[in-house]
Amino acid sequence: MLQTLYDYFWWERLWLPVNLTWADLEDRDGRVYAKASDLYITLPLALLFLIIRYFFELYVATPLAALLNVKEKTRLRAPPNPALEHFYLTNGKQPKQADVELLSRKSGLSGRQVERWFRRRRNQDRPSLLKKFREASWRFTFYLIAFIAGMAVIVDKPWFYDMKKVWEGYPIQSTIPSQYWYYMIELSFYWSLLFSIASDVKRKDFKEQIIHHVATIILISFSWFANYIRAGTLIMALHDSSDYLLESAKMFNYAGWKNTCNNIFIVFAIVFIITRLVILPFWILHCTVVYPLELYPAFFGYYFFNSMMGVLQLLHIFWAYLILRMAYKFITGKLVEDERSDREETESSEGEEAVAGGAAKGRSLANGHPILLNNHRKND
(Lines give C-alpha, C1' and ligand atoms only; values in the text may rest on other atoms or scores of the structure.)
Protein backbone atom coordinates (compact mmCIF):
# COMPACT_ATOMS: atom_id res chain seq x y z
CA MET A 1 0.00 0.00 0.00
CA LEU A 2 2.71 2.49 1.04
CA GLN A 3 4.83 1.51 -1.93
CA THR A 4 1.88 2.10 -4.25
CA LEU A 5 1.32 5.58 -2.80
CA TYR A 6 5.04 6.30 -3.06
CA ASP A 7 5.16 5.20 -6.70
CA TYR A 8 2.08 7.23 -7.55
CA PHE A 9 3.40 10.35 -5.79
CA TRP A 10 6.65 10.19 -7.77
CA TRP A 11 4.98 9.27 -11.07
CA GLU A 12 6.86 11.14 -13.79
CA ARG A 13 3.67 12.40 -15.44
CA LEU A 14 2.90 14.42 -12.30
CA TRP A 15 6.21 16.26 -12.06
CA LEU A 16 7.88 16.12 -15.48
CA PRO A 17 6.85 16.95 -19.06
CA VAL A 18 5.74 14.16 -21.37
CA ASN A 19 8.38 11.65 -22.60
CA LEU A 20 10.76 12.46 -19.72
CA THR A 21 11.56 10.31 -16.68
CA TRP A 22 13.56 10.64 -13.48
CA ALA A 23 16.31 8.64 -15.19
CA ASP A 24 16.92 11.64 -17.44
CA LEU A 25 17.88 13.64 -14.34
CA GLU A 26 20.46 11.23 -12.93
CA ASP A 27 23.98 12.56 -12.44
CA ARG A 28 26.27 11.77 -15.37
CA ASP A 29 29.36 13.11 -17.11
CA GLY A 30 30.19 15.38 -14.19
CA ARG A 31 26.80 17.11 -14.38
CA VAL A 32 24.78 17.19 -11.14
CA TYR A 33 20.97 17.41 -11.11
CA ALA A 34 18.55 18.35 -8.33
CA LYS A 35 17.09 15.49 -6.30
CA ALA A 36 14.29 15.45 -3.75
CA SER A 37 16.62 13.76 -1.25
CA ASP A 38 18.79 16.90 -1.26
CA LEU A 39 16.11 18.64 0.78
CA TYR A 40 16.49 16.37 3.82
CA ILE A 41 19.33 18.58 5.04
CA THR A 42 16.99 21.58 5.37
CA LEU A 43 15.33 20.28 8.56
CA PRO A 44 18.54 20.05 10.64
CA LEU A 45 19.64 23.35 9.07
CA ALA A 46 16.36 24.90 10.24
CA LEU A 47 17.12 23.81 13.81
CA LEU A 48 20.60 25.28 13.40
CA PHE A 49 19.02 28.55 12.31
CA LEU A 50 16.94 28.60 15.51
CA ILE A 51 20.10 28.13 17.60
CA ILE A 52 21.94 30.84 15.68
CA ARG A 53 18.95 33.13 16.09
CA TYR A 54 18.91 32.60 19.87
CA PHE A 55 22.55 33.65 20.23
CA PHE A 56 22.17 36.46 17.69
CA GLU A 57 19.27 37.99 19.60
CA LEU A 58 21.12 37.58 22.89
CA TYR A 59 24.58 38.85 21.93
CA VAL A 60 23.93 41.10 18.92
CA ALA A 61 20.34 42.36 18.85
CA THR A 62 20.05 43.06 22.59
CA PRO A 63 23.22 45.21 22.79
CA LEU A 64 22.13 46.95 19.58
CA ALA A 65 18.77 47.73 21.18
CA ALA A 66 20.56 49.29 24.14
CA LEU A 67 22.78 51.28 21.78
CA LEU A 68 19.73 52.64 19.94
CA ASN A 69 18.03 53.40 23.27
CA VAL A 70 15.10 51.04 22.78
CA LYS A 71 13.09 51.58 25.95
CA GLU A 72 10.25 49.45 27.22
CA LYS A 73 7.12 51.06 28.57
CA THR A 74 6.33 50.15 32.17
CA ARG A 75 3.18 48.05 32.29
CA LEU A 76 0.88 47.83 35.26
CA ARG A 77 0.22 44.18 36.10
CA ALA A 78 -3.25 42.90 36.74
CA PRO A 79 -3.58 42.00 40.45
CA PRO A 80 -4.19 38.28 41.17
CA ASN A 81 -7.85 37.38 40.86
CA PRO A 82 -8.72 33.68 40.42
CA ALA A 83 -12.24 34.29 39.04
CA LEU A 84 -11.10 36.78 36.40
CA GLU A 85 -8.01 34.74 35.53
CA HIS A 86 -10.10 31.61 34.99
CA PHE A 87 -12.45 33.47 32.64
CA TYR A 88 -9.48 35.01 30.80
CA LEU A 89 -7.87 31.62 30.15
CA THR A 90 -11.01 29.62 29.35
CA ASN A 91 -13.62 31.98 27.88
CA GLY A 92 -11.68 34.72 26.17
CA LYS A 93 -9.74 37.94 26.58
CA GLN A 94 -12.57 40.29 25.61
CA PRO A 95 -15.56 39.78 27.93
CA LYS A 96 -18.93 41.07 26.76
CA GLN A 97 -20.95 43.47 28.89
CA ALA A 98 -23.05 40.64 30.33
CA ASP A 99 -19.85 38.79 31.27
CA VAL A 100 -18.44 41.92 32.91
CA GLU A 101 -21.55 42.25 35.09
CA LEU A 102 -21.39 38.57 36.08
CA LEU A 103 -17.67 38.76 36.84
CA SER A 104 -18.25 41.93 38.84
CA ARG A 105 -20.60 40.06 41.16
CA LYS A 106 -18.24 37.09 41.46
CA SER A 107 -15.11 39.11 42.15
CA GLY A 108 -16.60 41.92 44.24
CA LEU A 109 -15.15 44.54 41.87
CA SER A 110 -17.00 47.26 40.00
CA GLY A 111 -17.64 46.88 36.28
CA ARG A 112 -14.96 49.44 35.43
CA GLN A 113 -12.44 47.69 37.66
CA VAL A 114 -13.15 44.40 35.84
CA GLU A 115 -12.66 46.10 32.48
CA ARG A 116 -9.42 47.64 33.72
CA TRP A 117 -8.21 44.27 34.99
CA PHE A 118 -8.77 42.69 31.56
CA ARG A 119 -6.95 45.56 29.81
CA ARG A 120 -3.95 45.14 32.08
CA ARG A 121 -4.04 41.37 31.67
CA ARG A 122 -4.14 41.64 27.86
CA ASN A 123 -1.24 44.08 27.93
CA GLN A 124 0.78 41.61 30.02
CA ASP A 125 0.50 39.06 27.20
CA ARG A 126 1.56 41.47 24.50
CA PRO A 127 5.18 41.12 23.34
CA SER A 128 7.68 43.60 24.69
CA LEU A 129 9.32 46.25 22.53
CA LEU A 130 12.68 44.51 23.00
CA LYS A 131 11.26 41.22 21.72
CA LYS A 132 9.91 42.97 18.63
CA PHE A 133 13.24 44.72 18.03
CA ARG A 134 15.26 41.52 18.36
CA GLU A 135 12.95 39.65 15.99
CA ALA A 136 13.13 42.45 13.40
CA SER A 137 16.94 42.56 13.75
CA TRP A 138 17.26 38.84 13.05
CA ARG A 139 15.04 38.97 9.99
CA PHE A 140 16.73 42.12 8.69
CA THR A 141 20.13 40.46 8.94
CA PHE A 142 19.02 37.30 7.14
CA TYR A 143 17.05 39.03 4.38
CA LEU A 144 19.87 41.46 3.64
CA ILE A 145 22.49 38.70 3.44
CA ALA A 146 20.13 36.48 1.44
CA PHE A 147 19.39 39.26 -1.05
CA ILE A 148 23.07 40.03 -1.59
CA ALA A 149 23.89 36.32 -1.91
CA GLY A 150 20.94 35.73 -4.23
CA MET A 151 21.99 38.53 -6.54
CA ALA A 152 25.52 37.14 -6.58
CA VAL A 153 24.08 33.77 -7.63
CA ILE A 154 21.92 35.04 -10.52
CA VAL A 155 23.36 38.35 -11.76
CA ASP A 156 25.86 36.68 -14.11
CA LYS A 157 23.37 34.17 -15.50
CA PRO A 158 21.90 34.74 -18.99
CA TRP A 159 18.33 34.05 -17.79
CA PHE A 160 18.57 37.02 -15.43
CA TYR A 161 18.46 39.25 -18.53
CA ASP A 162 16.51 37.04 -20.95
CA MET A 163 13.77 35.06 -19.21
CA LYS A 164 13.20 32.78 -22.17
CA LYS A 165 16.55 31.22 -21.28
CA VAL A 166 15.01 30.05 -17.98
CA TRP A 167 13.49 27.17 -19.97
CA GLU A 168 16.37 26.58 -22.37
CA GLY A 169 17.04 22.83 -22.26
CA TYR A 170 14.43 22.23 -19.52
CA PRO A 171 14.29 19.95 -17.58
CA ILE A 172 17.79 18.67 -18.40
CA GLN A 173 19.44 21.55 -16.54
CA SER A 174 22.29 20.76 -14.16
CA THR A 175 22.78 22.62 -10.89
CA ILE A 176 25.85 24.37 -9.53
CA PRO A 177 26.98 24.63 -5.87
CA SER A 178 25.87 28.27 -5.49
CA GLN A 179 22.32 27.37 -6.56
CA TYR A 180 22.31 24.38 -4.21
CA TRP A 181 23.30 26.38 -1.14
CA TYR A 182 21.03 29.29 -2.02
CA TYR A 183 18.09 26.90 -2.11
CA MET A 184 19.03 24.97 1.02
CA ILE A 185 19.57 28.11 3.10
CA GLU A 186 16.37 29.83 1.94
CA LEU A 187 14.26 26.73 2.51
CA SER A 188 15.85 26.10 5.92
CA PHE A 189 15.13 29.67 6.97
CA TYR A 190 11.45 29.40 6.08
CA TRP A 191 11.23 26.09 7.94
CA SER A 192 12.69 27.88 10.98
CA LEU A 193 10.10 30.67 10.65
CA LEU A 194 7.34 28.07 10.56
CA PHE A 195 8.78 26.28 13.62
CA SER A 196 9.02 29.53 15.62
CA ILE A 197 5.79 31.19 14.49
CA ALA A 198 3.94 30.17 17.67
CA SER A 199 6.49 32.01 19.86
CA ASP A 200 7.13 34.97 17.54
CA VAL A 201 5.23 38.25 17.72
CA LYS A 202 1.66 37.56 16.61
CA ARG A 203 0.19 40.13 14.25
CA LYS A 204 -3.21 40.63 12.69
CA ASP A 205 -2.15 38.70 9.58
CA PHE A 206 -1.08 35.64 11.60
CA LYS A 207 -3.10 33.25 9.42
CA GLU A 208 -1.84 34.86 6.23
CA GLN A 209 1.74 34.49 7.52
CA ILE A 210 1.22 30.75 8.04
CA ILE A 211 -0.25 30.42 4.55
CA HIS A 212 2.70 32.37 3.15
CA HIS A 213 5.32 30.23 4.91
CA VAL A 214 3.64 26.96 3.89
CA ALA A 215 3.16 28.10 0.27
CA THR A 216 6.79 29.28 0.14
CA ILE A 217 8.10 25.99 1.51
CA ILE A 218 5.99 24.02 -0.98
CA LEU A 219 7.08 26.25 -3.87
CA ILE A 220 10.79 26.06 -3.04
CA SER A 221 10.63 22.30 -2.49
CA PHE A 222 8.66 21.60 -5.66
CA SER A 223 10.80 23.90 -7.79
CA TRP A 224 13.86 22.01 -6.58
CA PHE A 225 12.90 18.44 -7.33
CA ALA A 226 11.00 19.41 -10.52
CA ASN A 227 14.10 21.36 -11.64
CA TYR A 228 12.40 24.76 -11.78
CA ILE A 229 15.61 26.06 -10.21
CA ARG A 230 16.31 28.94 -12.56
CA ALA A 231 12.82 30.38 -12.02
CA GLY A 232 13.10 29.63 -8.30
CA THR A 233 16.29 31.65 -7.82
CA LEU A 234 14.70 34.65 -9.56
CA ILE A 235 11.59 34.43 -7.37
CA MET A 236 13.54 34.12 -4.10
CA ALA A 237 15.83 37.07 -4.90
CA LEU A 238 12.80 39.16 -5.89
CA HIS A 239 11.13 38.52 -2.52
CA ASP A 240 14.27 39.26 -0.51
CA SER A 241 14.74 42.60 -2.29
CA SER A 242 12.15 44.41 -0.15
CA ASP A 243 11.89 42.34 3.04
CA TYR A 244 15.07 43.70 4.62
CA LEU A 245 13.82 47.26 4.12
CA LEU A 246 10.63 46.53 6.07
CA GLU A 247 12.55 44.93 8.93
CA SER A 248 14.99 47.85 9.13
CA ALA A 249 12.05 50.29 9.22
CA LYS A 250 10.62 48.31 12.14
CA MET A 251 13.94 48.47 13.98
CA PHE A 252 14.08 52.25 13.72
CA ASN A 253 10.40 52.45 14.63
CA TYR A 254 10.98 50.53 17.87
CA ALA A 255 14.03 52.72 18.57
CA GLY A 256 11.93 55.88 18.16
CA TRP A 257 13.78 57.20 15.12
CA LYS A 258 10.61 58.54 13.53
CA ASN A 259 12.00 60.27 10.42
CA THR A 260 14.37 57.43 9.57
CA CYS A 261 11.59 54.89 9.97
CA ASN A 262 9.20 56.86 7.76
CA ASN A 263 11.79 57.42 5.01
CA ILE A 264 12.80 53.76 4.90
CA PHE A 265 9.15 52.74 4.90
CA ILE A 266 8.43 54.88 1.83
CA VAL A 267 11.39 53.27 0.02
CA PHE A 268 10.14 49.85 1.08
CA ALA A 269 6.61 50.61 -0.18
CA ILE A 270 7.95 51.66 -3.58
CA VAL A 271 10.20 48.59 -3.89
CA PHE A 272 7.41 46.27 -2.70
CA ILE A 273 4.85 47.61 -5.19
CA ILE A 274 7.31 47.45 -8.09
CA THR A 275 8.64 43.97 -7.31
CA ARG A 276 5.49 42.21 -6.05
CA LEU A 277 2.75 43.89 -8.13
CA VAL A 278 4.65 44.67 -11.34
CA ILE A 279 7.75 42.53 -11.88
CA LEU A 280 6.37 39.35 -10.29
CA PRO A 281 3.04 39.12 -12.18
CA PHE A 282 4.09 40.69 -15.49
CA TRP A 283 7.59 39.25 -15.82
CA ILE A 284 8.07 36.25 -13.54
CA LEU A 285 4.55 34.81 -13.73
CA HIS A 286 4.49 35.45 -17.47
CA CYS A 287 7.75 33.52 -17.65
CA THR A 288 6.37 30.53 -15.72
CA VAL A 289 2.89 30.50 -17.31
CA VAL A 290 3.49 31.35 -20.99
CA TYR A 291 7.02 30.33 -21.98
CA PRO A 292 6.87 26.67 -20.84
CA LEU A 293 3.89 26.01 -23.13
CA GLU A 294 6.08 26.90 -26.10
CA LEU A 295 8.26 23.86 -25.26
CA TYR A 296 5.90 21.15 -23.95
CA PRO A 297 2.23 20.51 -23.12
CA ALA A 298 0.97 21.54 -19.70
CA PHE A 299 1.24 18.86 -17.00
CA PHE A 300 0.30 18.60 -13.31
CA GLY A 301 3.56 20.14 -12.07
CA TYR A 302 3.03 23.15 -14.34
CA TYR A 303 -0.46 23.75 -12.91
CA PHE A 304 0.67 23.07 -9.33
CA PHE A 305 3.61 25.47 -9.43
CA ASN A 306 1.63 28.32 -10.96
CA SER A 307 -1.27 27.73 -8.55
CA MET A 308 1.11 28.22 -5.61
CA MET A 309 2.45 31.33 -7.32
CA GLY A 310 -1.14 32.55 -7.55
CA VAL A 311 -1.58 32.07 -3.79
CA LEU A 312 1.52 34.16 -3.12
CA GLN A 313 0.31 36.84 -5.52
CA LEU A 314 -3.00 37.12 -3.66
CA LEU A 315 -1.10 37.53 -0.38
CA HIS A 316 1.02 40.25 -2.00
CA ILE A 317 -2.14 42.12 -3.01
CA PHE A 318 -3.46 41.84 0.56
CA TRP A 319 -0.18 43.16 2.02
CA ALA A 320 0.02 45.90 -0.64
CA TYR A 321 -3.38 47.11 0.60
CA LEU A 322 -2.02 47.36 4.17
CA ILE A 323 1.14 49.10 2.94
CA LEU A 324 -0.79 51.66 0.90
CA ARG A 325 -3.05 52.33 3.88
CA MET A 326 0.01 52.99 6.02
CA ALA A 327 1.50 55.21 3.28
CA TYR A 328 -1.73 57.20 3.21
CA LYS A 329 -1.51 57.79 6.96
CA PHE A 330 2.07 58.96 6.55
CA ILE A 331 1.23 61.35 3.71
CA THR A 332 -1.71 62.81 5.66
CA GLY A 333 0.56 63.45 8.65
CA LYS A 334 -0.39 60.52 10.86
CA LEU A 335 2.23 58.34 12.51
CA VAL A 336 3.37 55.30 10.57
CA GLU A 337 2.84 52.02 12.40
CA ASP A 338 2.84 48.44 11.27
CA GLU A 339 -0.84 47.88 10.38
CA ARG A 340 -0.47 44.25 11.43
CA SER A 341 0.68 45.07 14.96
CA ASP A 342 -1.45 44.52 18.03
CA ARG A 343 -1.56 47.94 19.68
CA GLU A 344 -1.04 48.43 23.40
CA GLU A 345 -4.26 49.38 25.16
CA THR A 346 -4.39 52.48 27.32
CA GLU A 347 -5.19 52.21 30.99
CA SER A 348 -8.46 54.15 30.75
CA SER A 349 -11.02 54.26 27.99
CA GLU A 350 -12.74 57.37 26.76
CA GLY A 351 -14.91 58.84 29.45
CA GLU A 352 -13.80 56.32 32.09
CA GLU A 353 -13.00 57.51 35.55
CA ALA A 354 -10.22 56.01 37.58
CA VAL A 355 -11.82 53.89 40.26
CA ALA A 356 -9.25 52.16 42.40
CA GLY A 357 -8.44 51.67 46.07
CA GLY A 358 -8.88 55.03 47.75
CA ALA A 359 -8.32 57.06 44.61
CA ALA A 360 -10.65 60.00 44.15
CA LYS A 361 -13.16 59.99 41.32
CA GLY A 362 -11.94 61.58 38.11
CA ARG A 363 -8.23 61.30 38.93
CA SER A 364 -6.16 60.55 35.83
CA LEU A 365 -4.20 57.33 35.90
CA ALA A 366 -0.42 57.46 35.73
CA ASN A 367 -0.21 55.70 32.37
CA GLY A 368 -3.61 56.69 31.05
CA HIS A 369 -2.36 58.15 27.78
CA PRO A 370 -1.55 56.41 24.50
CA ILE A 371 2.10 55.92 23.65
CA LEU A 372 2.73 54.84 20.06
CA LEU A 373 5.73 52.77 19.06
CA ASN A 374 7.43 55.55 17.20
CA ASN A 375 6.39 58.38 19.47
CA HIS A 376 9.61 58.40 21.49
CA ARG A 377 11.70 61.38 22.39
CA LYS A 378 14.73 60.15 20.50
CA ASN A 379 14.84 61.28 16.89
CA ASP A 380 17.33 60.98 14.10
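This is a predicted model: local features need pLDDT of at least 70, side-chain atom pairs count only at pLDDT 80 or more; totals for chains, interfaces and linings use all residues.
**Overall make-up**

The protein contains twelve helices and zero strands, and its pattern, read along the sequence, is accordingly written as α-α-α-α-α-α-α-α-α-α-α-α. Of its 380 residues, 46% count as buried. Among the contacts in the protein with a separation of 6 or more, 81% are between residues 24 or more positions apart.

Two packed helices are described by the angle between their axes and the distance between the axes. Helix α7 spans residues 129-154 and helix α8 spans residues 177-196, while α3 covers residues 42-67. The table gives the values for the two pairs.

| Helix pair | Angle | Axis distance | Crossing |
|---|---|---|---|
| α7 and α8 | about 160° | 10 Å | left-handed |
| α3 and α7 | about 115° | 9 Å | right-handed |

For the pair α7 and α8, the angle of about 160° lies in the range over 145 degrees that counts as roughly antiparallel, and α7 and α8 are therefore described as roughly antiparallel to each other. On the α7 side, this contact is formed by Trp138, Arg139, Phe142, Tyr143, Ala146, Gly150 and Val153, which meet Ser178, Gln179, Tyr182, Ile185, Glu186, Phe189, Tyr190 and Leu193 of α8. Sorted by class, the residues of the contact of α7 with α8 comprise ten nonpolar, three polar and two charged.

In the pair α3 and α7, the residues contributed by α3 are Phe49, Ile52, Arg53, Phe56, Glu57, Ala61, Thr62, Leu64 and Ala65, and those contributed by α7 are Leu130, Phe133, Arg134, Glu135, Ser137, Trp138, Thr141 and Phe142. By class, ten residues of the contact of α3 with α7 are nonpolar, three are polar and four are charged. Trp138 and Phe142 of α7 take part in the contact with α8 and also in the contact with α3.

**Thr233 in α10**

Thr233 belongs to helix α10, which runs over residues 229-255. With a relative accessibility of 1%, Thr233 falls under the 20% limit and so counts as buried. Its side chain reaches the backbone oxygen of Arg230 at 2.8 Å. When residues up to four places away in sequence are not counted, Thr233 touches Ile154, Trp159, Tyr182 and Tyr183.

**Glu12 and Val18**

Glu12 is placed in helix α2, which spans residues 12-15, and Val18 sits in the loop between α2 and α3. Glu12 has a relative accessible area of 22% and is therefore partly exposed; Val18, at 43% relative accessibility, likewise counts as partly exposed.

The C-alpha atoms of Glu12 and Ala226 are 9.8 Å apart in space, although the two residues are 214 residues apart in sequence. For Val18 and Phe299, which are 281 residues apart along the chain, the C-alpha separation is 7.8 Å.

Leaving aside residues up to four places away in sequence, Glu12 touches Leu20, Thr21 and Trp22. Val18, with neighbours within four places in sequence set aside, is in contact with Arg13 and Pro297.

Terms used:
Residues are numbered from 1 along each chain as its sequence is written. Side-chain values use heavy atoms; hydrogens and water are left out. Axes are lines fitted to C-alpha atoms, for helices over the stretch in contact, and angles run from 0 to 180 degrees between N-to-C directions. Helices (H or I, at least four residues) and strands (E, at least two) are DSSP runs, numbered from the N terminus. Angles under 35 degrees count as roughly parallel, over 145 as roughly antiparallel, 65 to 115 as roughly perpendicular and the rest as oblique. A crossing is left-handed if the near helix is turned anticlockwise from the far one by less than a right angle, and right-handed if clockwise. Contact means heavy atoms within 4.5 Å. Ala, Val, Leu, Ile, Met, Phe, Trp, Tyr, Cys and Pro count as nonpolar, Asp, Glu, Lys and Arg as charged, and the others, Gly among them, as polar. Buried means under 20% relative accessible area, exposed over 50%, partly exposed in between (1.4 Å probe, protein chains only). A polar contact is a pair of N or O atoms within 3.5 Å; within protein, one must be able to donate a hydrogen and the other to accept it, and residues adjacent in sequence count only if both atoms are side-chain atoms.
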